[in-house]
Amino acid sequence: MSILVVAEHDNSSLKADTFKTVAAAQAIGGDIHILVAGSNCQEVAQQAAKVNGVSKILVADNAAYEHQLAENVSLLVTELAVDYDHILATALTTGKNFMPRVAALLDVTQISDIIGVESADTFIRPIYAGNAIATVQSLDNKKVITVRTTGFDAVASDGNAEVVAIDSVTDAGNSSHVSDELTVSERPELGAASIIISGGRGMQNGDNFKLLEGIADKLGAAIGASRAAVDAGFVPNDMQVGQTGKIVAPDLYIAVGISGAIQHLAGMKDSKVIVAINKDPEAPIFQVADYGIVADLFDALPELESKL
Amino acid sequence: MKVLVPIKRVIDFNVKVRVKPDNSNVDLANVKMAINPFCEIAVEEAIRLKEAGVATEVIAVSIGTKACQEQLRTALALGADRAIHIETDLELDSINIAKLLQKVVEEEQPQLVILGKQAIDSDNNQTGQMLAALTNMPQGTFASIVKVDGDKVNVTREVDGGLQTVALTLPAIVTTDLRLNEPRYASLPNIMKAKRKPLDVKPADDFGIDLTPRTKLLKVTPPADRQAGIIVESIDELVEKLKNEAKVIS
């Protein structure tokens, strides 16, 4: 069997997530190649050549791939797919963007966001925002798969693969890149943070979210919110953790003034350690928390900040 | 210009899903169903384009059992002009949904198709992209801003680490992210009016597409249970536990 893994990168460095996607490829088993599609991305190719257990790196270095436009990258991957049984990409925004196009062009359905491999055609994936875990068998001849990296441990960087240039250029010509506006924040992103502190309706207003900032700064944490806090207009929607917001699994999640509605729990219950601060001892959040403290958050937060 | 909005009937986001005791699937008997939240944002965006004079007609389409006409009526009450129900009792894979939608696109010739980025039941995040590939249209996925400008649409996308703006030649596909808009509520008069708006029903079998399943659901299990922990008495105790027991802070 042969497997193509599409690398996740920014034209200068290979993202650590690709090492996890390769781990999923190894779990499937077979001859593994990595495709680096980008522009001026030779450095990425050299890094990819060191990924453990990979025999060949295909490099498509062309301006058409600079911004990973789905229209162009999907045509390239589809063309290369002839030689592979499995095509894998990381389930981040780039892979989620172009991979379903590849699946459609190959006339297969995609198996999205896998967290486990049972066999070469059977995979484990969360559904209903992780409230149920499905074991799914793909009946298609080729498997197009995106990999959720929280499900796999990164492979080592001790390989020595052959690097081969791909000359073919696929430019669909119907889309172009305009601009990037990357968030510049002292704090980590919700998706990447190892500690998150979130506020709920109990925060009472947007100003009170400042109480979380001091703690977040001391812990290097990201700040999130429940849907109730977003709907009440306290904070913007991009801070929302939950089934309709961001799904997170940090090492430490601190829920402040959050009752623990199902839709919020769906977005954070895979966190390693959960702390709940709430004045209502009956709040459902305490049923999932490792450590709970029944207290008024307006007393507890300043004290917590002073003791960190 | 015409805007097509495919929508999906799913479990209401406030309902806790339960796995059936025989692990065959989740139990959807007698649970509240609703329009998928991301699809609702798609409907809202289409209606706003119409209110802004950009769109001339908004068509909602849904694929599924007769019950999904309920969600189509909701879309009509929110402001869609007419609806198409592609009726089937089968659980279709995304590729087959996309193929059916491709037929609708060929017939209706919309300039813009707006879909939710994913459904909160299957969490696949693929139908919009698949439809874009099948119709050879460019795509703006995970959109937080959509601006139609002549024969182009500029879409600002929520990507890892920030925002990316792309320019797409129309006709194009857009999939919605949460920040795109806040959907309105349907007013009672509009709910009444929606009952008289046109809703065409077409059997999925009439489209001449092979709808053979591409996946087999072998098992559905509940996620590993989380045990409730302990209630600590003071912030001092909390900090001590986090440092020395959980070892998540230093």
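**View 1. Strand 7 of chain B and its two neighbours.** Three bridges join strand 7 (residues 139-149) of chain B to strand 10 of chain B, and the two run parallel; here strands (E, at least two residues) and helices (H or I, at least four residues) are DSSP runs numbered from the N terminus, and two strands pair if DSSP finds at least two bridges between them. The model shown is a predicted one, in which local features need pLDDT of at least 70 and side-chain atom pairs count only at pLDDT 80 or more, whereas totals for chains, interfaces and linings use all residues. Residues are numbered from 1 along each chain as its sequence is written, chains are lettered from A and ligands numbered from 1 in the order in which they are written, and side-chain values use heavy atoms, with hydrogens and water left out. In strand 10 of chain B, B:Thr176 is the bridge partner of B:Ala143. Strand 7 of chain B is also joined by six bridges to strand 8 (residues 152-159) of chain B, and this pair runs antiparallel, with B:Val148 bridged to B:Val153 in strand 8 of chain B. Strands 7 and 8 of chain B form a hairpin with two residues between them, and B:Gly150 in the turn has a positive phi of about 65°.

**View 2. The ten-stranded sheet that includes a strand of chain A.** An open sheet with mixed pairing is formed by ten strands in the order 11(A)-9(B)-8(B)-7(B)-10(B)-6(B)-1(B)-4(B)-5(B)-11(B). Its edge strands, each of which pairs on one side only, are strand 11 of chain A and strand 11 (199-203) of chain B. Neighbouring strands of this sheet are turned by 25° against each other on average, direction ignored, where axes are lines fitted to C-alpha atoms (for helices over the stretch in contact) and angles run from 0 to 180 degrees between N-to-C directions. Strand 11 (residues 175-182) of chain A is joined by seven bridges to strand 9 (residues 162-169) of chain B, the two running antiparallel, and A:Ser175 stands opposite B:Leu168 in that strand of chain B. Within chain B, five bridges join strand 6 (residues 112-116) to strand 10 (residues 172-176), which run parallel, and B:Ile114 has B:Val174 as its bridge partner in strand 10 of chain B.

**View 3. A helix across the sheet, and a cis peptide bond in a loop of chain B.** Helix 3 (residues 94-108) of chain B lies across strand 1 (2-7), strand 4 (57-64), strand 5 (82-87), strand 6 and strand 11 of chain B, and runs at about 150° to strand 4 of chain B. B:Leu170 and B:Pro171 are joined by a cis peptide bond, with omega about 0°, and B:Pro171 lies in the loop between strand 9 and strand 10 of chain B.

View 4. An open sheet of four strands, with antiparallel pairing, has the order 6(A)-7(A)-8(A)-12(B). Strand 6 (116-119) of chain A and strand 12 (215-221) of chain B are the edge strands, each pairing on one side only, and the twist averages 30° from one strand to the next. Six bridges join strand 8 (residues 132-138) of chain A to strand 12 of chain B, which run antiparallel, and A:Ala134 stands opposite B:Val220 in strand 12 of chain B.

**View 5. The interface of chain A and chain B.** The contact (heavy atoms within 4.5 Å) takes 82 residues from chain A and 79 residues from chain B. Between them the chains bury about 6600 Å², 55% of it on carbon and sulfur atoms, buried area being the accessible area (1.4 Å probe) that two parts lose on being put together, summed over both. In chain A, the residues losing the most area to chain B are A:Arg101, A:Tyr128 and A:Tyr291, together 11% of what that side buries. The rule finds five salt bridges across this interface, a salt bridge being a side-chain nitrogen of Lys or Arg within 4 Å of a carboxyl oxygen of Asp or Glu. B:Arg214 forms a salt bridge with A:Asp107, the closest N and O atoms being 2.9 Å apart.

**View 6. A salt bridge within a helix of chain A.** The side chains of A:Lys307 and A:Glu303 meet in a salt bridge (2.8 Å, N to O). Because A:Lys307 and A:Glu303 are four residues apart in helix 8 (residues 297-307) of chain A, they are separated by about one helical turn.
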